[in-house]
Amino acid sequence: MRYSIEGEPLPVVICNLEQGEVMITESGAMSWMSPNMKMETTGGGIGKMFGRALSGESIFLNRYTAMNGNGMIAFASSFPGSIRAFDIVPGQDLIVKSAFLAAVSSVDLSVFFQQRIGSGLFGGEGFIMQKLSGRGTAFLEVDGYAVEYELQAGQSMVVDSGNLAMMDATCTIDIQMVKGVKNVLFGGEGLFNTVVTGPGKILLQTMPVSGVAAALAP
């Protein structure tokens with residue numbers, strides 16, 4: 001599979017597949033494709049479907065296979081921002097929140113349960129996120145500009161709710177209450193912040209959809 005990412009800040013990833021190669025994506029993500037791409041909708045089992053529903057993602061996945069020769073398929077971002085490609089290798093899983101766009105079929109999508117329940121209830125990231133494992137290329141959709149950090153063991157980053165797009169599975173998430181009544185009431189940052197601790201890589205997004213919605217609400 002060869003690909004190119006074009007058109008930021010309204011990006012699209014164009015994938016060129018050899019015969020028999022397969023891409024997986026959530027339902028509704030395909031933008032255009034060659035006529036020899038065969039689509040198959042699958043749930044992947046009740047457990048995985050239920051987990052994706054709880055994590056806020058689409059219940060069904062679509063599989064696109066290049067038939068009778070090479071094929072082409074494109075997946076466009078649903079919001080102004082970036083598309084990033086990541087190479088998944090065994091033992092280096094990625095944890096994502098509402099960021100998965102597409103991947104080769106050798107990448108496995110499963111649910112990731114946060115060990116700290118409070119982080120899910122109050123941290124704004126959700127108790128259940130998605131885990132990408134296996135081997136192959138996966139594409140993530142980032143709202144706004146993408147900023148990447150490599151956290152060392154024990155090093156932390158305080159992140160506003162919604163700005164975390166991805167982290168390595170070696171990272172941990174916790175919550176931190178904003179200190180001071182005045183800060184809580186008038187600071188505009190809410191009651192809790194998310195704290196991500198390394199070791200591992202994190203990907204932050206500058207303009208989450210939730211933030212845009214909050215700005216438009218008044």
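Predicted model: local features only at pLDDT ≥ 70, side-chain atom pairs only at ≥ 80, totals over all residues.

Q: In what order do the strands of the open sheet of 4 strands lie?

A: Strands are DSSP runs of E with at least two residues, numbered from the N terminus, and two of them pair if DSSP finds at least two bridges between them. Here the order is β1-β2-β7-β4, with antiparallel pairing, and β1 (2-6) and β4 (30-33) are the edge strands, each pairing on one side only. Within this sheet, β2 (residues 12-17) and β7 (residues 71-76) are joined antiparallel by 6 bridges, and isoleucine 14 stands opposite alanine 74 in β7.

Q: Which strands pair with β13?

A: Strand β8 (residues 81-88) runs antiparallel to β13 over 8 bridges, with alanine 85 opposite phenylalanine 139. Strand β10 (residues 100-104) also pairs with β13 in the antiparallel sense, over 3 bridges, and there alanine 103 stands opposite alanine 138.

Q: Why is β13 described as largely enclosed by the rest of the structure?

A: Buried means under 20% relative accessible area, with a 1.4 Å probe and protein chains only. In β13 (residues 136-143), 8 of the 8 residues are buried, so this strand is largely enclosed.

Q: Is threonine 65 buried or exposed?

A: Threonine 65, found in β6 (residues 61-66), counts as buried because its relative accessibility is 16%. Contact means heavy atoms within 4.5 Å, and, leaving aside neighbours within four places in sequence, the contacts of threonine 65 include Gly20, Val22 and Met37.

Conventions
Residues numbered from 1 in each chain as written. Heavy atoms only, no water. Buried < 20%, exposed > 50% of the residue type's maximum accessible area, 1.4 Å probe, protein only.
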